[in-house]
Amino acid sequence: MKAKIWLSSPHMSGNEQHFINDAFSSNWIAPLGPNVNGFEKDLQEYLKEDTYVAALSSGTAAIHMALILLDVGPGDEVICQSKTFSASANPIVYRGATPVFVDSEKDTWNMCPEQLERAIKDRIDKSNKPKAIIAVHLYGMPYKVDEIHSIAQNYDIPVIEDSAEALGSSFHDRKCGTFGDFGILSFNGNKIITTSGGGALTTKSEALKNKAVFLSTQAKEDAPEYLHKTIGYNYRMSNVVAGIGRGQMMVLDDYVEKRRSNYKFYRNELNGLDQIVFVDEPEGFFSNRWLSCILTESFEMREDLRQLLTEENIECRPLWKPMHQQPVFKDAPHYLNGVSDDLFEKGLCLPSGSNLTDNEFDRILNCFKTYFVQC
Ligand SMILES: *Cc1c(COP(=O)(O)O)cnc(C)c1O
């Protein structure tokens, strides 16, 4: 069996160990400490725009925290991009609220402004104005920030910006993760930088950041005994894990460049094939190209290619199955235009790690060559 080629594998730079050693030698083996503060500062300096960052245990926890801070609860509805990973939507259910799914547009594959407005109007007509909107920069491609945020503003609905896949992406030179009322980041093992597992909440308000940290460390009141006036969570990032994050921040821009060059490689090499479509960045959009994705002509072609790659021990995956198609969300209201269904049918994510080798790229390309010579 040939060695496995992963879709997106962790890529340590060598800088991480130094920060982890610091944690051990100073005995900060706890969900607080210098690495946590340092990692938050690194992220704040990277994101700019006077952003405050709370380092948490996962991106999912960060979305949950954003919904708590927006006071989303039972009976509320929250609009969520349908084409996303389930972690965007699950925390809505943790709050006892109902997700309302909105389809994508073709330019970025993210939330469609027309469908968003249609959904908001219809939910208001049904006397349940959405309490929040979760928009996603999927695969690192920014969503249509201007359109989505101007609709949200017109209806006075806060936006949670799911930037789990988009650290290093930007829209008109402003970093993703800084546009929403809250933003979230993920440092899960498969993301562009990883801390093995981890996430962050971003906000423009220092008070809200402090509140997120307070709630994420069990909501302990300032008293000698353990005193609680609210329900708390154990969502803070560990100081050991944050050390990995500090080392990874030193190479983030290099990894963005590498992932973007992966995309360019696929695009150049497969450009001659009419059957394969790439989605380039619209003017002003800058994607970290977390994953390189292609659209094929048909479901059958996508499946043939997927099987061929899988047989060669090359990991690849259909574009995320939309939430409105997920059995677990079958009863959720949705506003569709066919785009995300079509993308799911024909789309494929290709190996995209920042540590892919020339030899691995050759193996991947060979599969395409084999397939297109045959057909
Ligand atoms: C990974 C991911 C999350 C969740 O982040 P975790 O850190 O794994 O909890 C949320 N949304 C999207 C779009 C993701 O890709």
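This text walks through the ligand site and then an aromatic pair. The model is predicted: local features need pLDDT of at least 70, side-chain atom pairs count only at pLDDT 80 or more, and totals for chains, interfaces and linings use all residues. Residues are numbered from 1 along each chain as its sequence is written, and side-chain values use heavy atoms, without hydrogens and water.

Now look at the polar contacts (pairs of N or O atoms within 3.5 Å). The side chain of E165 places an N or O atom 2.5 Å from a ligand oxygen. D162 has a polar side-chain atom 2.8 Å from a ligand nitrogen. For K191, a polar side-chain atom lies 3.3 Å from a ligand oxygen. The protein buries 93% of the 380 Å² that the ligand exposes when taken alone (Shrake-Rupley method, 1.4 Å probe).

Turn to the rings. Phe, Tyr and Trp (its six-membered ring) pair if their centres lie within 6.5 Å; planes under 30 degrees apart are stacked, over 60 edge-to-face, the rest tilted. The count is 13 aromatic pairs. Y266 and F361 are edge-to-face, because their centres are 5.7 Å apart and their planes stand at 70°.

Technical notes. Polar contact = N/O pair within 3.5 Å; in protein donor to acceptor, adjacent residues only side chain to side chain.
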